[in-house]
Amino acid sequence: QRHCIAMWTISAIIAATVVIFGSASSVADHAKAGPAGLADLGMFRVTATQTTSDAHACGLDLRRILPRLRNDLVAGGMQARAEADAMVTLTIITAHDAKREVCATSPMLGVYRKISYFDDDAGWLRTGHIALWQKGTGVVSGMADHPSAVAGAVDRLAETLLKNWRSAKNKASANK
């Protein structure tokens with residue numbers, strides 16, 4: 001019974017993540033080129049959210065994943081700069097079933113841009129980040145294979161980002 005509960009929990013984490021980020025990404029994917037559009041993404045910096053102890057137990061190390069992600073995006077034509085206002089952020093949510101030696105991870109990639117806006121309620125100018133693009137996926141594997149499985153999933157997310165970025169740039173150029 002514990003095995004069923006653990007596997008159900010792992011599956012639920014992945015399913016919820018894909019549904020939530022899949023829904024959020026559909027809005028960003030169809031955003032028109034403009035001051036905060038994906039087509040206007042010039043420079044970016046790579047960031048990551050904190051990982052959990054389960055991620056570490058499953059062999060995931062952001063010091064290996066982030067440079068690979070950055071290099072993939074730069075090789076695809078994007079420009080990385082530490083001082084850029086736009087961020088490509090990697091989030092990794094991991095669940096670990098130690099007894100079964102199984103790991104489940106939901107890697108998510110998002111592109112966010114810093115903007116300033118007037119807050120009517122506060123009565124002054126504020127600065128924050130808006131989502132230009134988001135995608136997530138899920139990976140379940142044995143502990144030994146998990147780092148390479150997650151790296152492959154992050155690579156696929158980077159490929160999808162590059163494809164969507166190029167498509168947005170092409171649409172914006174065609175509309176000029």
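How many salt bridges does a search of the whole structure find? The search finds 3, a salt bridge being a side-chain nitrogen of Lys or Arg within 4 Å of a carboxyl oxygen of Asp or Glu. The model is predicted, so local features need pLDDT of at least 70 and side-chain atom pairs count only at pLDDT 80 or more, while totals for chains, interfaces and linings use all residues. Residues are numbered from 1 along each chain as its sequence is written, and side-chain values use heavy atoms, with hydrogens and water left out.

The protein chain holds 4 helices and 6 strands. These elements are DSSP runs, numbered from the N terminus: helices are H or I with at least four residues, strands are E with at least two. Along the sequence, their order is α-β-α-α-β-β-β-β-β-α. The chain has 176 residues, and 39% of them count as buried. Buried means under 20% relative accessible area, exposed means over 50%, and partly exposed lies in between (1.4 Å probe, protein chains only). The accessible surface of the protein chain is about 10,000 Å². Carbon and sulfur atoms make up 54% of that surface. Areas come from the Shrake-Rupley method with a 1.4 Å probe; for residues, only the protein chains shown count as cover. Contacts were also examined, a contact meaning heavy atoms within 4.5 Å. Among contacts with a separation of 6 or more, 70% join residues 24 or more positions apart.

The salt bridges can be taken in turn. Arg63 pairs with Asp61, and their closest N and O atoms are 3.0 Å apart. Arg63 is exposed, at 69% relative accessible area. Asp61, in contrast, is buried at 17%. A second salt bridge joins Asp155 and Arg68, at 2.4 Å from N to O. Asp155 lies in helix α4 and Arg68 in helix α3, so this pair ties together parts that are 87 residues apart in sequence. Asp155 is buried, with 15% relative accessibility. Arg68 is partly exposed, with a relative accessible area of 41%. Arg126 and Asp119 form another salt bridge, at 2.9 Å from N to O. Here Arg126 is partly exposed at 34%, and Asp119 is buried at 17%.

Helix α4 spans residues 146-174 and also contains Lys163. Lys163 is exposed, with a relative accessible area of 60%. Its C-alpha lies 9.1 Å from that of Gly76, a residue 87 positions away in sequence.

The structure contains 1 disulfide. In general, a disulfide is a covalent bond between the sulfur atoms of two cysteines; the criterion used here is a pair of cysteine sulfur atoms within 2.5 Å. Cys58 and Cys103 meet this criterion, with their sulfur atoms 2.0 Å apart. The angle about the S-S bond is -95°, and the link is left-handed. The two cysteines come from distant parts of the chain, 45 residues apart. Cys58 sits in the loop between α2 (53-57) and α3 (62-75), and Cys103 sits in strand β4. Cys58 is buried, at 1% relative accessibility. Cys103 is buried too, at 0%.

Thr105 is buried, with 0% relative accessibility. Its side chain makes a polar contact of 2.9 Å with the side chain of Thr94. Another polar contact, of 2.6 Å, joins the side chains of Thr105 and His146. A polar contact is a pair of N or O atoms within 3.5 Å; within protein, one must be able to donate a hydrogen and the other to accept it, and residues adjacent in sequence count only if both atoms are side-chain atoms.

Arg113 also lies in strand β4, which covers residues 102-119. What is the nearest side chain of opposite charge to Arg113? It is Asp40, 4.8 Å away. In this count Lys and Arg are positive, Asp and Glu are negative, and His and the chain ends are left out. Arg113 is buried yet has no salt bridge. A polar atom of the Arg113 side chain does lie 3.0 Å from the backbone oxygen of Asp40.
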